[in-house]
Amino acid sequence: MTSLKTRIFMILVATTSVIWLAATTWIYLGTKAELERVLDTRLQEAARMVASLVRDDEGTAQAAIGAIPPAAASTGGAAYERQLSCQIWSLGGRLVAASSAAPSTRLSGHGAGFSDSTIEGELWRVYAIEDAVKGVRVLVGDRLGLRDRLVQDLVLGLVAPTLLMLPLFAGLIWLAVGRGLAPLRQVAADLQARPADDLGPVQPEVVDEIRPVTDALNGLFSRLDTARAQERAFTAFAAHELRTPLAGIRTQAQIAQAAETPEMRSSALEKIIRGVDRTARLVSQLLALARLEAAVAKRERMPMAVGPLLAEIDRDRQWANVRVDIDPALDTLVLVGDADHLRFALRNLHENACEHSPPGGLVSWRRVGACEVTVEDAGPGIPPDELALVTQRFYRGRASRSAGSGLGLAIVEAALGRLDATVSLTPSPSGPGLLATVSFPVPPK
Amino acid sequence: MRVLIVEDDPILADGLAVGLKLHGINAEVVGSCADGRHALVAGLFDAIVLDVMLPDGSGLDLLARLREAGETRPVLVLTALDESRDRIAGLDRGADDYLGKPFDLGELAARLRAIARRGQGRAAATIAAAGLVLDPASHSVARDGLAIEVTRREFAILRALAERPGVIFSRPDLEERLYGWQEDIESNAIEVHIHNLRQKLGRDLIETMRGLGYRLRRGP
């Protein structure tokens, strides 16, 4: 069932119907039992009265039968009139007298008291009195069919108005449910009417039952809004950062076109190639950063040893004239997390360190304490006032001599963030270079 | 014509210096706000090209400070932020023109010529002095309707003199207009160019003020 309104309506109507049905059954059974008790008492009283009036001659017997008051059937009116039938039998088995409506066959067999019998295809309730002194047997009977009709009429009198009321009642339930669900409809209408870029909260005044839903929705909206704002800022910044190298490439291309000397042309072409390479690197770093930010769920986590991973990264490095020293203690540092993120972060740190080191300079990886890794380079370092800025996207530094995109450290920070790790940069204690310290979370014991 | 370019991207900065020279504009390139301020104190520039995002701050902040300090030279702001609200902010903070990256080198040169001549109080695209008509866009010189062939450096010297007829330009003044800072200048380069110009235009047009420099004769 897709409609909450229909669902609630059906449940209410069904439960109400069940309750009414139970009540009706109870009334039916109760009324029937009570009526039978009353009618049985009447049979008994009629029989006793007839028996008391009968003497041992036959004339009195017929007169006694006539004394059964039709008023006894006053409960029903015409339909129930003369419903009692009376027979007086001698103990010898002869029919002494009978009421006019009584059947000709004997109402019941021997014995006194109540009994049920079938006469001419009809069910009878009979009460018998035996008077040994007068030598008669008085039988007073009542057709059960008539009794049932009486009960049915009584119950019908109760049920009929109820049945007539039911549609009216259903209509009222329908309207009431509709009114009760109005706040839900209002929220739905509010949501339906809002434009796609409206991520403001849903109306704050709602009933308690809907609040969990609207709260969840508002939470989702605000997260969506933040994500979208970030995305917009990122796109704007990326577009901005791509324009400068593109402007450089275009200008150099125009120089190549208009060059006056072959040297000028080849210099311009060489710069175009450099510019394209740099732009391509910028694009791939932007994509990497976007991918890192989009990777919401933690992917498969597995244990990784830092030492071998660094050795593997170092094998691919392009800076052949840099000395790299990896602390053997790193071989035993095993981290649990996404291997791609760790490799990505370490490779960027390693490339940064190698790129900034002079030829023959030393890049050294050390393990500090249980969960810290440091990398120290022999490069020019970063002025202290710029240290806090370098992990910002696109920050290139005042003295930048390399044509970096300014994204490397931002990527490292994002990738390490995925591993719940942090990176901090300090001037190298032993030289002019930079010391990067990566702190991984302490693994739970 | 000489301009100062404040731009930190090395490839673009190089492209601007080389490319503008092809359009007859001598460019001095610096990569930060601080260097830009220093260059402006000493240098003779007809216009300034300013990038907005510089490593040590915003070019627009630099521009605002320069204007506050009484800097009147025309400034063209060159930036990747080229939405109209950025352009409005740039122009309202003292820029004379605005060009979004990437741009056409020829357009940049034309805009620089335009703001430079406005900066000198001229509206006409050509410079007329002492019977000469100089067209900075095509580097052509005409005397009494007859075109005269001159080299780019000769044109630069002639232009400097023609922009202010009667004003004396010392040799270092002219050298600065002619060359970038890093270029080696032969000690008699200016004399050679002046000599060549006199041969092409006539001996009486450029006067030598002994011990002071050179000037263009006033009047037709």
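# Questions on a predicted two-chain model

In chain B, of the contacts between residues at least 6 apart in sequence, 59% join residues at least 24 apart. The model is predicted.

Trainee: How many helices and strands does chain B have?

Mentor: Start with the chain itself. Chain B has 220 residues, and buried residues make up 50% of them. Its secondary structure comes to eight helices and 13 strands.

Trainee: What share of the accessible surface of chain B belongs to carbon and sulfur atoms?

Mentor: Take the total to begin with. The accessible surface of chain B is about 9,700 Å². Carbon and sulfur atoms account for 50%.

Trainee: Is B:Leu108 buried or exposed?

Mentor: B:Leu108 sits in helix 5 of chain B. Buried means under 20% relative accessible area. B:Leu108 has a relative accessible area of 0%, so it is buried.

Trainee: Which residues does B:Leu108 touch, not counting those up to four places away in sequence?

Mentor: Look beyond the sequence neighbours. B:Tyr98 is 10 residues from B:Leu108 in sequence, and their C-alpha atoms are 9.7 Å apart. The residues that B:Leu108 touches, leaving out those up to four places away, are B:Leu16, B:Leu20, B:Leu76, B:Leu78, B:Leu99 and B:Phe103.

Trainee: How is helix 7 of chain B oriented relative to helix 8 of chain B?

Mentor: Two packed helices are described by an angle and a distance between their axes. Helix 7 (residues 171-178) and helix 8 (residues 189-201) of chain B have axes 10 Å apart, at an angle of about 85°. That angle makes helix 7 of chain B roughly perpendicular to helix 8 of chain B.

Trainee: Which residues make the contact between helix 7 and helix 8 of chain B?

Mentor: Take each side in turn. Helix 7 of chain B supplies B:Arg171, B:Leu174, B:Glu175 and B:Leu178. Helix 8 of chain B supplies B:Ile190, B:Glu191 and B:His193.

Trainee: Which residue of chain A forms a salt bridge with B:Asp14?

Mentor: Side chains of opposite charge can pair when their charged atoms come close. Here the closest N and O atoms are 3.0 Å apart, and the partner of B:Asp14 is A:Lys271. The pair crosses between chains, from helix 1 (residues 10-22) of chain B to helix 6 (residues 262-294) of chain A.

Trainee: How many residues apart in sequence are the parts tied together by B:Asp51 and B:Lys101?

Mentor: B:Asp51 and B:Lys101 form a salt bridge, with closest N and O atoms 3.2 Å apart. B:Asp51 is in strand 3 (residues 47-51) of chain B, and B:Lys101 is in the loop between strand 7 (97-100) and helix 5 (105-119), so the parts tied together are 50 residues apart in sequence.

Trainee: Are B:Asp51 and B:Lys101 buried or exposed?

Mentor: The cut-off for buried is under 20% relative accessible area. Both B:Asp51 and B:Lys101 count as buried.

Trainee: How many salt bridges does the structure hold over all chains?

Mentor: Some residues are linked in a network. One such network links A:Asp40, A:Arg42, A:Asp116, A:Arg125, A:Asp142 and A:Arg147. Over all chains, the number of salt bridges is 28.

Trainee: Which residues does A:His350 touch, not counting those up to four places away in sequence?

Mentor: A:His350 is in helix 8 (residues 339-356) of chain A. A:His350 counts as buried, at 1% relative accessibility. Leaving out residues up to four places away, A:His350 touches A:Ile313, A:Asp314, A:Arg317, A:Val324, A:Val363 and A:Trp365.

Trainee: Is A:Leu175 buried or exposed?

Mentor: A:Leu175 lies in helix 3 (residues 144-180) of chain A. With A:Met165, A:Leu168, A:Leu172 and A:Trp174, A:Leu175 forms a nonpolar surface patch with about 520 Å² of accessible area together. The cut-off for exposed is over 50%. At a relative accessible area of 57%, A:Leu175 is therefore exposed.

Notes:
Residues numbered from 1 in each chain as written. Chains lettered and ligands numbered in written order. Predicted model: local features only at pLDDT ≥ 70, side-chain atom pairs only at ≥ 80, totals over all residues. Heavy atoms only, no water. Patch = residues over 30% accessible without salt bridge, like charges linked within 9 Å, V, L, I, M, F, W, Y side chains within 5 Å. Areas by Shrake-Rupley, 256 points an atom, 1.4 Å probe, with all protein chains shown as cover. Salt bridge = Lys/Arg side-chain N within 4 Å of Asp/Glu carboxyl O. Helix = DSSP H or I, 4+ residues; strand = E, 2+ residues; numbered from the N terminus. Buried < 20%, exposed > 50% of the residue type's maximum accessible area, 1.4 Å probe, protein only. Axes fitted to C-alpha atoms, helices over the stretch in contact; angles between N-to-C directions. Parallel < 35°, antiparallel > 145°, perpendicular 65-115°, else oblique. Contact = heavy atoms within 4.5 Å.
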